[in-house]
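Please walk through the aromatic contacts and the salt bridges of this structure.

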Amino acid sequence: MHKNLMIYGSCVSRDAFPLLDPEFKLLSYVARQSMISAMSKPTDLLQGDTLSSAFQDRSLAGDIRSNLLQLVRRFADDIDVLAIDLTDERLGVVRLPDGTHVTRSHELVSSGRLKAVHGRTQDIRIMTERHWTLWEAAATRILGALSQMGLREKTVILNTPWAETTQAGDPAPPFWNMDTAEVNAYLNECCAHMRSLGFKVVDLPAELRYAAVDHKWGAAPYHFGDSAMAWIAAEIRETAAAAA
């Protein structure tokens, strides 16, 4: 019997999917959508041309529409495992003049749509008090909705602290000159909040937290090696077995 997986997160979770058994089917993959944006109202202020990459276009359109819970509800009855990681929270959000929030993704910035917005926009970066206030409220609402849909026991939240070194021991490349230790402390607080709401949070073992220099998406502190991907796949399998 096949098992249905939904991923809400980033390439950190998605790249582990090929390591799962053939019985696993990927129902949906929601990326580049901060929890803050996911709980925002949709906005009409970011109209623009279709992006050349189908994945990037789908991700940006979904973020603008805040479609996370809509997709979860669509697949709720079929989901065997919902895997969540917080890597894309690194991007922060942008507050638009209509009071909505969108993820400050590469897709959004490079599309030029922000430049066409009339009125003041505000960047809200990760690790700020404003971001935490918005994120904590959004996460509480999302996890409350998942509980109401009966998905709490089927959800695994992957706490994957960024790598400070490569497997060879060299410093891992930074992201946007962010201090990796500070990012990890912040994301740990995020995961602690979700754990306090009764959700399963699993922590990537310290010995697996190294950046892969030959990663297909390039070097980054959140692009891990094969052993980390195998660990994520194992956690997804374990969640499916426990929820069955």
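The paragraphs below take the aromatic pairs, then the charges, then the salt bridges.

This is a predicted model, in which local features need pLDDT of at least 70, side-chain atom pairs count only at pLDDT 80 or more, and totals for chains, interfaces and linings use all residues. Residues are numbered from 1 along each chain as its sequence is written, and side-chain values use heavy atoms, with hydrogens and water left out.

Across the whole structure there are 7 aromatic pairs. Rings of Phe, Tyr and Trp (its six-membered ring) pair if their centres lie within 6.5 Å; planes under 30 degrees apart are called stacked, those over 60 edge-to-face, and the rest tilted. Phe175 and Trp176 are stacked because their ring centres are 4.5 Å apart and their planes stand at 20°. Phe175 also pairs with Tyr222, here edge-to-face, at 5.8 Å centre to centre and 75° between the planes. Phe175 lies in the loop between strand 7 (155-159) and helix 7 (180-196), and Tyr222 in the loop between strand 8 (200-203) and helix 8 (226-243), so this pair ties together parts 47 residues apart in sequence. Helices (H or I, at least four residues) and strands (E, at least two) are DSSP runs numbered from the N terminus.

Together with Trp162, the residues Phe175, Trp176 and Tyr222 form one aromatic cluster. Buried means under 20% relative accessible area, exposed over 50%, and partly exposed in between (1.4 Å probe, protein chains only). Phe175 is buried at 11%, and Tyr222 is buried at 9%, while Trp176 is partly exposed at 40%.

A charge sits over a ring if NZ of Lys or CZ of Arg is within 6 Å of the ring centre and within 35 degrees of the ring normal. The charged end of Arg90 sits over the ring of Phe175, 4.8 Å from its centre, and over the ring of Tyr222, 4.2 Å from its centre. Arg90 is itself buried, at 10%. Its side chain also meets that of Asp88 in a salt bridge (2.7 Å, N to O), and Asp88 is buried at 5%.

A salt bridge is a side-chain nitrogen of Lys or Arg within 4 Å of a carboxyl oxygen of Asp or Glu; the count comes to 8. One of them joins Lys216 and Asp15 at 3.9 Å, N to O. Lys216 lies in the loop between strand 8 and helix 8 and Asp15 in the loop between helix 1 and strand 2, so the bridge ties together parts 201 residues apart in sequence. Lys216 is exposed at 62%, whereas Asp15 is buried at 16%.
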